[in-house]
Amino acid sequence: MIRRFLIATLLSIAGPAAAELQGHGAMVNAVAVSPDGARALTGSWDYSVRLWDLAAHKELKALEEHTQSVNAVAFLPDGQRALSGSFDGTILLWNLETGAVERKFEGHRASVAGLAVSRDGRRVFSASWDRTLRLWDVATGRSLRVFEGHTQNVNAALVLPDGRTGVSASYDLTIRLWDLETGRALYVLEGHTNSVNALAVSADGKTLASGSTDGTVRIWDLESRAERAAFEGHRGFVTSVALSPDGKRLLSGGGDRTFRLWDVETGRQLRNMQGHRRPVWSVAFSADGRRGLSAGYDEVVKIWDLATGEEIPAPR
């Protein structure tokens with residue numbers, strides 16, 4: 001009784017809790033926001049995928065079928081199903097209502113590091129440390145095509161809004177674009193001087209962002225195939241990037257434990273948000289672009305007000 005009273009007293013003195021999503025028992029590698037903006041998915045080294053109610057800051061489900069760490073998560077457009085990629089080499093399709101696995105995608109021979117879903121939700125493009133990418137049919141789980149060309153582990157995958165073009169990033173310092181229908185390599189973007197870890201694309205498909213171990217975030221014009229800008233500020237490797245729904249702002253996370261907001265057009269850093277105790281490993285915008293989510297190696301996901309750069313108090 002005395003212990004409970006002391007805890008309650010300390011909480012009241014500390015004020016409202018920060019908007020941390022707590023529940024994972026190990027580093028959080030991945031975060032994604034649902035199409036309607038109401039929920040989030042996270043993946044962790046604790047082998048689990050977790051579904052969260054963002055308004056209530058409450059865990060809804062723990063999805064536990066992977067046998068190794070979960071590196072990537074993605075909602076399907078219907079918001080009722082989701083995909084997760086793991087160090088165990090598999091991709092799982094989840095029914096978020098029941099928490100059941102609907103399908104297992106098998107074929108990669110090493111960790112699945114990145115996932116991207118086409119806008120129509122019919123295909124998924126995966127990146128793996130077996131140095132390949134694969135295109136899958138969501139309805140059947142069948143591997144439609146294997147993409148080879150990277151000379152080292154592939155860390156990230158995207159599907160452009162046209163649904164016909166895929167993008168990948170690798171330890172080999174390159175970003176590659178692919179014809180998803182034929183498997184043909186289209187062209188290579190070069191400029192980073194170390195491993196390329198993360199990718200994001202604007203809604204109109206014209207602007208690509210990349211984050212690298214070289215400490216930079218780079219902006220690419222996909223129409224001219226040229227680098228437009230390099231943002232410098234992180235003190236160490238950049239793990240993750242996300243573009244706002246309107247494509248005007250960018251979020252980045254890094255090994256320096258910071259979560260940063262940038263103006264895409266000018267390259268100006270708008271916010272440097274600090275609060276994680278270990279590297280920030282994944283970032284995401286809310287559906288309306290007003291909030292940011294950062295997932296860290298300190299086992300939590302933080303929610304930020306991007307207008308102020310402050311963590312948002314959790315409801316009490």
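I began at arginine 257, which counts as partly exposed at 45% relative accessibility (buried is under 20% relative accessible area, exposed over 50%, partly exposed in between, with a 1.4 Å probe and protein chains only). The model is a predicted one, in which local features need pLDDT of at least 70 and side-chain atom pairs count only at pLDDT 80 or more, while totals for chains, interfaces and linings use all residues. Residues are numbered from 1 along each chain as its sequence is written, and side-chain values use heavy atoms, with hydrogens and water left out.

I looked up the backbone of arginine 257 and noted a positive phi of about 75°, although this residue is not a glycine. Most residues other than glycine have a negative phi. I placed arginine 257 in the loop between β23 (249–254) and β24 (258–263), strands being DSSP runs of E of at least two residues, numbered from the N terminus.

I then turned to histidine 57, not a glycine either, and found a positive phi of about 55°. Histidine 57 sits in the loop between β4 (49–53) and β5 (58–63), and with a relative accessible area of 14% this residue is buried.

Next I traced an open sheet of four strands, antiparallel in its pairing and ordered β18-β19-β20-β21, where two strands pair if DSSP finds at least two bridges between them. β18 (196–201) and β21 (226–232) stand at the edges with a single partner strand each, so one side of each has no neighbour in the sheet.

Within this sheet I followed β20 (residues 216–221), which pairs with β21 in the antiparallel sense over six bridges, and I noted aspartate 221 opposite alanine 226 in β21.
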